[in-house]
Amino acid sequence: MKKSLLLLFLIAINITFFAQEIPFKKVKLSNSVVLANQMKQFASIIEIQNLSELDLFKFQLIKGNYTDALVIFQKKIQETPKDQRQYLDIYMHYLKAKTSLNFKEAFKNSYRKYLDNSDDIEVINLDKALIIRDPTDYYVSNFKNTYNAIKSEKISQLTAKDLVKKYFLNIVFSSTRAIYFKEIKEDHKRRYAVNDSIVIPMKDGAEVSIVIVKRKGNSTTKKSAILVSSIYTGTNVASAMLTASKGYVGVIANTRGKRLSKSEVKPLEYEQTDVYEVIDWISKQTWSNKKVAMFGGSYNGFTQWASMKHKVHPVLKTIVPMVAIAPGIDYPMENNILHNYSYSWNFYVTNNKFLDFEASNDFNRWNNLKNTWYKTGVAFNKLDSLDGQVNKLWNTYMQHPSYDNFWKKMIPYKQEFAKIDIPILTITGYYDDSQRGAMYYYNKHHKYAKNPNHYLLVVAL
C-alpha cells in the first residue's frame, strides 16, 4: 500500500511539474544581453530537484551564481579522469573567466596555463575533441533552431529546461572557440616542428603533397617513420603529432591533387603507385633509419594495401589497417549494388584541395535527391541529372558496376597477396560498414600467402 501511495505521489509531482507553463516572448537572438536575461529568468524559475549535478552547474552558471557553480563543479572535475573531461575543462575555464573584468584575456591565460601543464597526449586529445570534432556550429544551430521552433506564448518547464541547457552549450563554445583553437595550435608549435610545404613528384609527373611532423627537442638520431596516406586533407595532423610524441617521425601523404598538389584529384586510382613512391622517398631522407610503418582507417586503411599492389617496399615493416575499404568490393558498391552515400562523398573529397564540409553536410540536398530519384524512377546512373551538377566520379563508377579490371588494378588481386610477408594487424568492428573490406583483405591474404603473419581484431561495439 505504501509503495502504491509513493508511486501515485511521484506521478502527481511529475504531472504538476510538466503542467506548469512559463510565459515566453521571443527576442532577437542577435541581442545577446536581452537573450542572456531571458535565459537567466528561465534558469531561475526551473525546479532544481530533478536536475543532475552537471545540469545544476549549468543552471547556476546561467543564473550568474558563479560561486555556487564552482562548488558544484569542482567535485565533478575531480571525479572525472582527465582524458574524459575535455568539455568539462572548457566549462571550468569559462566559469573562472566569467568572474574577471576581461573575459577573453582571463580565459586565454587560464587555458594557456592548463595546456602548459598538460602532456603531449592530453593536448592531442584536446585537438581531436575540440578542433577536429569541433562541436560549436552544431551547438549554436541546435539552440537557434530549438528557440525559433517555439510558436506559443507559453512553454513548459521541460521546454525551458531544454532551452537553458542548449543555450549553455551555445554560449560557452561560441565565446571560447576562437581562443582555445588559437591556444591549442600555439601549443602544438611549442612542441612540434611541422613542415607542411613539401611536394614530391611521382614518376608519371603528378605531384603528392607531404606533411612531416617531428617532436622538438629530440636527438638527431635517425628515426623510423609512421605514414598515414589519406585523401582527407587536414584531418591527420593530430595523428602525426601522436606519432612524433612517441619518438617517431609522423608523415602524412595526401592523395594526388590534394593540398599543395597541382595534379587532378583522383581518389582510389593512383594510390597503388603513389604510396609506394612516397615510402621510397621517405627511405631516402637524411632523418630516416629506413623503417616505415603505416596505419589508419577507412580510406587510410585501403592505401596501405594499395601500396603493396605490385610489391612490398623493403623499408615497409608493418601495416595496421583499420576498417579498410576495398574498392570494388565494399565501395562504392557491395555485391554489385551501389551505395547512395558514395554520390555525395565524391563532392566532399574533390570539390577543393581540402574537404568540402559545406557540400557534405547539405543534408537537405542529399535527402531531396534520394526522394526525387525514388519518386521519379529515373535510372540510377542518371542520378546527377536530378542533382543539376555533373558528378564525374559517379559517372565513372556507373561504367564499372562489377569487379572488373578498373577495380582490380587498385589493390592486390589473387596471387599478388602471396608476396605480402610483413606483419599485419587488421582491425574492424562487428557492426562496421567497412567490415566486408577488412575481411576481404584478411581472407585473401590467408588464402594466397603461405603462413601469413596477419592478425585480426574484431571489436564488438
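This note sets out points on the sheet, the helix contacts and some local backbone features of a predicted model.

1. Basis of the note. The model is predicted, so local features need pLDDT of at least 70 and side-chain atom pairs count only at pLDDT 80 or more, while totals for chains, interfaces and linings use all residues. Residues are numbered from 1 along each chain as its sequence is written, and side-chain values use heavy atoms, with hydrogens and water left out.

2. The sheet as a whole. Eight strands form an open sheet in the order β3-β4-β6-β5-β7-β8-β11-β12, with mixed pairing. Strands here are DSSP runs (E, at least two residues) and helices are DSSP runs (H or I, at least four), numbered from the N terminus; two strands pair if DSSP finds at least two bridges between them. The edges are held by β3 (192-201) and β12, each with a single partner strand, so one side of each is left without a neighbour in the sheet. From one strand to the next, the twist averages 20°. In general, strands of a sheet pair through backbone hydrogen bonds, either parallel or antiparallel.

3. The antiparallel part. Strand β3 is joined to strand β4 (residues 207-215) by 8 bridges, and the two run antiparallel. Ala-193 has Lys-214 in β4 as its bridge partner. These two strands form a hairpin with 5 residues between them, and Gly-205 in the turn has a positive phi of about 95°. On the next pairing, β4 and β6 are antiparallel over 4 bridges, with Val-213 opposite Gly-250 in β6.

4. The parallel part. Strand β5 (residues 223-230) pairs with strand β7 (residues 288-297) in the parallel sense over 4 bridges, and Ile-226 stands opposite Ala-293 in β7. The parallel pairing of β7 and β8 extends over 6 bridges; Gly-297 has Met-322 in β8 as its partner. Met-322 also stands opposite Ile-427 in β11, where 2 bridges join β8 to β11 in parallel. Strand β11 (residues 424-429) is in turn joined to strand β12 (residues 454-459) by 6 bridges, again parallel, and Ile-427 has Leu-457 in β12 as its bridge partner.

5. Crossovers. Between β11 and β12 the chain passes through helix α19 (residues 435-448), and this β-α-β crossover is right-handed. The term applies if, with the strands pointing away from the viewer, the path from the first strand over the helix to the second runs clockwise. The β-α-β crossover from β7 through α12 to β8 is right-handed. Helix α12 (residues 299-306) lies across β5, β7, β8, β11 and β12, and runs at about 135° to β7.

6. Contact of α7 with α9. The axes of helix α7 (residues 120-132) and helix α9 (residues 157-191) come within 11 Å and cross at roughly 140°. Axes are lines fitted to C-alpha atoms, for helices over the stretch in contact, and angles run from 0 to 180 degrees between N-to-C directions. This crossing is left-handed, a term for a near helix turned anticlockwise from the far one by less than a right angle, with clockwise giving right-handed. By class, the contact has 8 nonpolar, 1 polar and 5 charged residues; Ala, Val, Leu, Ile, Met, Phe, Trp, Tyr, Cys and Pro count as nonpolar, Asp, Glu, Lys and Arg as charged, and the others, Gly among them, as polar.

7. Contact of α13 with α15. Helix α13 (residues 341-350) and helix α15 (residues 363-376) have axes that come within 11 Å and cross at roughly 145°, and their crossing is right-handed. Tyr-343, Ser-344 and Phe-347 in α13 meet Arg-365, Trp-366 and Leu-369 in α15. The contact residues divide into 4 nonpolar, 1 polar and 1 charged.

8. Local features. Most residues other than glycine have a negative phi, and most peptide bonds are trans. Arg-259 has a positive phi, near 55°, and lies in the loop between β6 (249-254) and α11 (271-283). A cis peptide bond with omega of about 0° joins Tyr-331 and Pro-332; Pro-332 is in the loop between β8 and β9.

Definitions and conventions. Contact = heavy atoms within 4.5 Å.
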